[in-house]
Amino acid sequence: MRFAFRLALRLLTVFLVIASGRFAAAKQDAGTPDEARLKPAYRFERNGWIYIHLEGPPADIGYQHGYLLAPEIEDGLRVVKLKDEHRTQRNWDFYRATAQNILWPHIDLEYQQELQGITDGLKAHGSTLDLWDVVALNAMEEIPDYYVPWLNKQEKRKNTPDLKAPGNCSAFVATGSWTKDHKPVIAHSNWTDIATGKRWTIIFDIVPTHGYHMLTDGFPGIIVSDDDFGINSAGLMVTETTITGFTLFDPNGKPEFVRARKALQYSNSIDQYVQIMLDGNNGGYANDWLLADNNTGEIARFEIGLKLHRVWRTRNGYYVGSNFPSDPALIKAETDFDPKKMYSSPNARRKRWQELMPANKGQIDAALGEKFLADHWDTYEGREDRNYRGLCGHGDTSPTGESAWDEPPYNPSGAVTAQAADSAMAKNMMLQARAGHPCGEDFIADKFLKEHPQFDWQLPILLDMKGNPWAEFKAGDKP
């Protein structure tokens, strides 16, 4: 009976998606999109990714983004809305009000214009989403995982959900004698829930009027990668993993999604990247950034909390990330992270990185990075497994949850995409990307929900996440 109900609801969901798409198309036909603003932009699909080229001043880049990705943005917001309302027990009106009153006053004018442009592009395509929906979507990491827990404490709310900073991503950066060509190599996998990760499959090729050309992955409707993996035409290579157990936030600071976008767009050095990220730091989406300067061969780990930060750098070595903080002072003052719990995903994956990197010293390249990201070795169990402790995470098949992130057993989450680039790729504004689990294995939604009905609340948004081959993308790419 339960399965029949799920099937009926899934069919209804598919019908509504198709119907809404037809309705939006009808409204678009009746409208008058600005062809002049759209002229430089285009999109195509490859191996599970949507590639979109955007070009011009901020408002035009936003307009192109909103118009060309309108169906994906509406679908993505539907996912984020359902998920965040469920997790935080706050309705979408709260998120919209937060976007307007807490975030908007601290957003640079350039990015206010781009966000308004996205809204205008959506409207031209027939969408009813407005500016505060778009801004709230851009803060899909900061509001539920950082601002809401902080606000709950400030308001001394009782019986609130136990919200914890997420554990997003596995990554490394290496250079010097550690890599095959003695030049920087960078690789990363995005960790999140599968419903969101299935949609986190946009390749943005952005040519702004001011700043550097950027090639990055991302989520529809968001002005920054947000997971994060990107390169720019100044030779900077960027990725990160989130800090587990981070507990602070400053509502008077500048949103992280603005600082991270600005840093990729305007930085031509590691120092400049650090400077931009620290300017107005609100503590939102606290990360360990792994950076490479392709011009000098230098790499860095930039750990940024709220009041504390630290930078490590070298021209001969490597840095890894799996959601663990490194600075003892930051760990003590700004997190509840325990580096001694080796059964915990961040520490188990850190140990695996510390095995893989030295074992492959002098041979590390993008292809080997792709292999690392597909690794399922569980250092705590001492065997291969499909759980939260492998570099290629599979929460949906894990009988144990992850207490550090308050993830229950069999939560449909884990590594959902992967990216890699070496020095030659970055010089030519190219990257490799894989949609779906980095190992290439499939996730089938109906089969999963039949076996784990406790996640039926995700039925309207949980889709199959099929494995895809690695694909190459470059600036100015065409179908």
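This report describes selected elements and residues of a predicted model.

## Helix 13

Helix 13 covers residues 345–359, and its end C-alpha atoms lie 21 Å apart.

The buried residues of helix 13 include Ser 345, Pro 346, Asn 347 and Ala 348. Arg 349, Arg 350 and Arg 352 are also buried, as are Trp 353, Leu 356 and Met 357. These buried residues of helix 13 pack against strand 3 (170–175), strand 4 (185–193) and strand 12 (317–321).

## A nonpolar surface patch

Met 342, Tyr 343 and Tyr 380 make a nonpolar surface patch of about 300 Å². Of these residues, Tyr 380 belongs to the loop that connects strand 13 (377–378) with strand 14 (383–384).

Strand 16, residues 430–435, is mostly covered, with six of its six residues buried. Met 430, Gln 432 and Arg 434 point one way, while Leu 431, Ala 433 and Ala 435 point the other way. In strand 16, the residues pointing either way are all buried.

Strand 16 pairs with two strands. Strand 15 (residues 413–422) runs antiparallel to strand 16 and is joined to it by four bridges; Gln 419 has Ala 433 of strand 16 as its bridge partner. Strand 17 (residues 471–474) is likewise antiparallel to strand 16, again with four bridges. Here Gln 432 is bridged to Glu 472 of strand 17.

## Asp 477

The segment after strand 17 contains Asp 477. Asp 477 has a relative accessible area of 7% and is therefore buried, the cut-off being under 20%. Beyond its neighbours within four places in sequence, Asp 477 is in contact with Tyr 42, Phe 44, Arg 46, Tyr 51 and Glu 472. Glu 472, one of these contacts, is also the bridge partner of Gln 432.

## Ile 304

Ile 304 is part of strand 10, residues 298–304. Its relative accessibility is 4%, so Ile 304 counts as buried. Asn 287 lies 17 residues away from Ile 304 along the chain, yet their C-alpha atoms are separated by 5.8 Å.

With neighbours within four places in sequence set aside, Ile 304 is in contact with Ile 243, Arg 259, Met 277, Leu 278 and Asn 281, among others. Further contacts of Ile 304 are Ala 286, Asn 287, Trp 289, His 309 and Leu 330.

Conventions
Residues numbered from 1 in each chain as written. Predicted model: local features only at pLDDT ≥ 70, side-chain atom pairs only at ≥ 80, totals over all residues. Heavy atoms only, no water. Patch = residues over 30% accessible without salt bridge, like charges linked within 9 Å, V, L, I, M, F, W, Y side chains within 5 Å. Areas by Shrake-Rupley, 256 points an atom, 1.4 Å probe, with all protein chains shown as cover. Salt bridge = Lys/Arg side-chain N within 4 Å of Asp/Glu carboxyl O. Expected span 1.5 Å × (residues − 1). Buried < 20%, exposed > 50% of the residue type's maximum accessible area, 1.4 Å probe, protein only. Contact = heavy atoms within 4.5 Å. Pairing = 2+ DSSP bridges.
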